[in-house]
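Me: I would like to go through some labels given to this structure and ask what stands behind each one.

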Amino acid sequence: MFTSRHFKPGSAPATLIPRGDTPPLITLIQYDAETYEEHRVERIEEVFACRDNSKVSWINIDGLSDVEMLSQLGKHFGLHPLALEDVLHTPQRPKIEAFENHFFVVMEMAYADGPFNVIFEQISIFFGANFLITIQEEALHDVFDPVRVRLRNGRGYARTRGHDYLAYSLIDAGVDHFFPVLELLGDAVEELEDELLEHPSRESLIKLQELKRALLFLRRNAWPVRELVTSLTRDESGLIKPETKIFLRDCYDHTIQIMDVIEGYRDIATGMMDIYLSSLGMRTNEVMRVLTVVSTIFIPLTFIVGLYGMNFEYMPELKTRYGYPVTVGVMVLLAIGMLAVFRKKKWL
């Protein structure tokens with residue numbers, strides 16, 4: 001679920017080690033206010049010319065298996081080798097790094113694969129004044145489709161702004177995708193809370209631990225995004241235009257909302273552990289109360305049976321014709337009377 005992969009200790013800096021063996025899928029999108037082009041690229045050299053045209057160019061790569069291709073891409077666009085190493089060294093902590101002519105952004109896309117199973121995939125974004133490159137681990141999951149739809153339809157500011165606005169749109173899409181995951185977790189939290197109140201069990205405790213672990217990793221990947229967006233709003237290099245910083249502030253508000261929801265769920269999860277222990281204690285108390293009542297009822301009955309089970313020769317009751325039914329009747333009436341007293345005192 002949350003597997004960390006590391007290079008061999010002692011590897012040289014900027015060592016590029018491939019991940020997986022599936023050939024990467026490369027897509028190039030170019031657009032301006034009047035035109036839009038989107039097509040699949042077979043060779044990485046085909047995207048090199050987009051750096052020098054006047055259109056906004058978005059290069060998307062799905063897959064981390066082709067190290068040579070990434071090296072060529074880095075040389076042409078001036079991407080730092082250490083940044084390329086971070087692309088392949090997944091998962092990285094969400095962060096932003098500023099280089100001479102571009103920014104490097106690392107984020108995590110969150111997906112819910114079940115109520116308490118959250119999967120993360122790293123997104124690496126390089127963007128400068130005349131290019132934007134996104135690199136993903138694989139093509140199966142992608143949160144960028146809403147951005148692509150807006151670009152195709154030319155809605156809003158999608159095709160009237162530059163690479164900085166496109167970078168904001170992609171970051172915002174990654175941030176907003178936390179909300180459906182949190183909604184699914186919220187529904188699961190409500191169901192689990194009812195389950196812990198009504199029927200606490202070992203399975204409920206396992207679900208609670210899965211919930212706490214999912215919230216821990218959500219917080220770990222959402223918290224740094226706030227710092228990331230803040231750094232972009234304070235950029236002084238000129239790569240982020242003032243009009244884009246206004247949208248980034250809105251994205252920052254979304255990160256605050258996400259953190260508030262996560263912290264709220266973590267508090268609820270902590271309280272649910274107390275609910276579980278209290279429910280378990282109440283069930284134990286109820287069982288002990290029933291057993292105590294049963295034991296209390298049988299104490300006088302056991303005394304009577306023991307008394308007349310001694311079989312001494314001169315016990316007058318042993319020779320009585322109706323001694324047995326009278327004794328059994330007395331025992332039954334005694335048990336019923338004790339039950340009535342317990343019920344009147346609300347012990348049952």
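**Labels and their grounds**

Reply: The count comes to one cavity of 30 Å³ or more. The model is predicted: local features need pLDDT of at least 70 and side-chain atom pairs count only at pLDDT 80 or more, while totals for chains, interfaces and linings use all residues. Residues are numbered from 1 along each chain as its sequence is written, and side-chain values use heavy atoms, with hydrogens and water left out.

Me: What makes a set of points a cavity?

Reply: On a 1 Å grid over the protein atoms alone, a 1.4 Å probe fits at the points but cannot get out, and lining residues have an atom within 4 Å of a point. Grid points are joined across faces, edges and corners, and the volume is the space filled by probe spheres set on the points. The largest cavity has a volume of about 30 Å³. V147, R150, L151, A158, Y165, L166 and S169 line the largest cavity. The elements giving two or more residues to this lining are α3 (145–153) and α4 (163–176); helices (H or I, at least four residues) and strands (E, at least two) are DSSP runs, numbered from the N terminus.

Me: Why is V181 called buried?

Reply: Buried means under 20% relative accessible area, exposed over 50%, partly exposed in between (1.4 Å probe, protein chains only). V181 has a relative accessible area of 4%, so V181 is buried. V181 sits in helix α5 (residues 178–198). Contact means heavy atoms within 4.5 Å; leaving aside neighbours within four places in sequence, V181 is in contact with A110, Y111, A112, V118 and L218.

Me: Why do C50 and C251 count as buried?

Reply: C50 is at 2% relative accessibility and therefore counts as buried. C251 is buried because its relative accessible area is 0%.

Me: How many disulfides are there?

Reply: A disulfide is a pair of cysteine sulfur atoms within 2.5 Å. By this rule the count is zero.

Me: Which residues of helix α1 are buried, and why are they said to be on the same side?

Reply: In α1 (residues 67–77), the buried residues are V67, M69, L70, L73, G74 and F77. They cover an arc of only 160 degrees around the axis, and therefore lie on the same side of α1. The arc is that of the directions from the helix axis to the C-beta atoms. The face of α1 turned away from the buried side carries the exposed residues E68 and K75. The buried residues of α1 pack against β1 (25–31), β3 (56–62), α2 (81–88) and β7 (132–136).

Definitions and conventions:
On a 1 Å grid over the protein atoms alone, a cavity is a set of points where a 1.4 Å probe fits but cannot get out, and a pocket is an open set with protein on both sides within 12 Å along at least five of seven lines; lining residues have an atom within 4 Å of a point.
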